[in-house]
Amino acid sequence: MNDVFFYLFGFLSVVLALLAVTQRNVIRGGVFLLGSFVSLGAVYFASGAEFIGIVQVIVYGGAIIVLYLFALMTMDLKKIREQPLSLGFVSLGGFLSGILFLLIVYGLANLGRVPKVEISGARELASPLFYKFLLPFEVISVLLLVATIGAVAVGRREK
């Protein structure tokens, strides 16, 4: 039964992601992206990785989408639409799309040969994080705190 949900939510996630990148309205695209992230979280649940599924829904479905929509609402989209496309950006986008296409083809070709990976839960993730990699974890925590305080300070600066 989990395999059915895995493939159902995987297909739904891909369809919603395609709708997200093909929408002309960026807000609608963000909502489709939210649906894709939540479906991806359901894929993690179906494969037995509940902790990663919860983190996927909370971090990507909540925080990243809110940040994305907030950033889009503060931008002047009419001005961006009027700017001509740069040949360099189009070439870079085409190059990256080609690499992504090759990775997808490679993944589909090796679909049956992928070994079964044991996805761990919260205990297996937390143990190395808080014992083996405690110092890098704390350094990154302080760095993120400093970045957050800096962003608030820059945002509150009077013009």
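# A tour by selection

Begin with helix α5, residues 87-109: at 1.5 Å a residue, its 23 residues should span 33 Å, and the end C-alpha atoms are 33 Å apart, which agrees. Bear in mind throughout that this is a predicted model.

**Start of α5.** A side-chain oxygen of Ser86 comes to within 3.3 Å of the backbone nitrogen of Gly88, at the start of α5.

**Leu77.** Next, select residues 77-82, which are helix α4, and pick out Leu77 in that helix. Is Leu77 buried, partly exposed or exposed? Leu77 is partly exposed, because its relative accessible area of 25% lies between the 20% limit for buried and the 50% limit for exposed. Now draw a distance from the C-alpha atom of Leu77 to that of Val90: the two residues are 13 apart along the chain, and the atoms are separated by 19 Å.

**The nonpolar patch.** Select Phe45, Phe51, Ile54, Val55, Ile58, Val59, Tyr60, Ile64 and Leu125, and show the surface. These residues form a nonpolar patch on the surface, and together they have about 730 Å² of accessible area. Which helix gives the most to the patch? Helix α3, residues 50-74, does so, with 7 residues. Ile58 is one of the patch residues and lies in helix α3. With a relative accessible area of 57%, Ile58 is exposed, since the limit for that class is over 50%.

**Arg24.** Move to the loop between α1 (2-22) and α2 (26-46), where Arg24 is found. Arg24 has 77% relative accessibility and therefore counts as exposed. The C-alpha atoms of Arg24 and Val55 are 29 Å apart, with the residues 31 apart along the chain.

Select Gly35 and Ser36. Gly35 is in helix α2, and Ser36 is also placed in helix α2. How do they stand in accessibility? Gly35 is partly exposed, with a relative accessible area of 21%, whereas Ser36 is buried, with 6%. The two fall into separate classes because buried means under 20%.

Two distances can be drawn from here. From Gly35 to Ala49, 14 residues apart along the chain, the C-alpha atoms are separated by 19 Å. From Ser36 to Val15, the C-alpha to C-alpha distance is 7.8 Å, for a sequence separation of 21 residues.

**Aromatic pairs.** How many aromatic pairs does the structure hold? There are 4. One of them is Phe130 with Phe137, an edge-to-face pair with 5.2 Å centre to centre and 80° between the planes. The pair is called edge-to-face because the planes are over 60 degrees apart. Colour the two residues by accessibility as a last step. Phe130 is partly exposed, with a relative accessible area of 42%, and Phe137 likewise counts as partly exposed, at 26%.

Technical notes:
Residues are numbered from 1 along each chain as its sequence is written. This is a predicted model: local features need pLDDT of at least 70, side-chain atom pairs count only at pLDDT 80 or more; totals for chains, interfaces and linings use all residues. Side-chain values use heavy atoms; hydrogens and water are left out. Patches are made of residues with over 30% relative accessible area and no salt bridge: like charges are joined within 9 Å, nonpolar side chains (Val, Leu, Ile, Met, Phe, Trp, Tyr) within 5 Å. Accessible areas come from the Shrake-Rupley method with a 1.4 Å probe; for residues, only the protein chains shown count as cover. A salt bridge is a side-chain nitrogen of Lys or Arg within 4 Å of a carboxyl oxygen of Asp or Glu. Helices (H or I, at least four residues) and strands (E, at least two) are DSSP runs, numbered from the N terminus. Buried means under 20% relative accessible area, exposed over 50%, partly exposed in between (1.4 Å probe, protein chains only). The expected span of a helix is 1.5 Å times one less than its number of residues. A polar contact is a pair of N or O atoms within 3.5 Å; within protein, one must be able to donate a hydrogen and the other to accept it, and residues adjacent in sequence count only if both atoms are side-chain atoms. Rings of Phe, Tyr and Trp (its six-membered ring) pair if their centres lie within 6.5 Å; planes under 30 degrees apart count as stacked, over 60 as edge-to-face and the rest as tilted.
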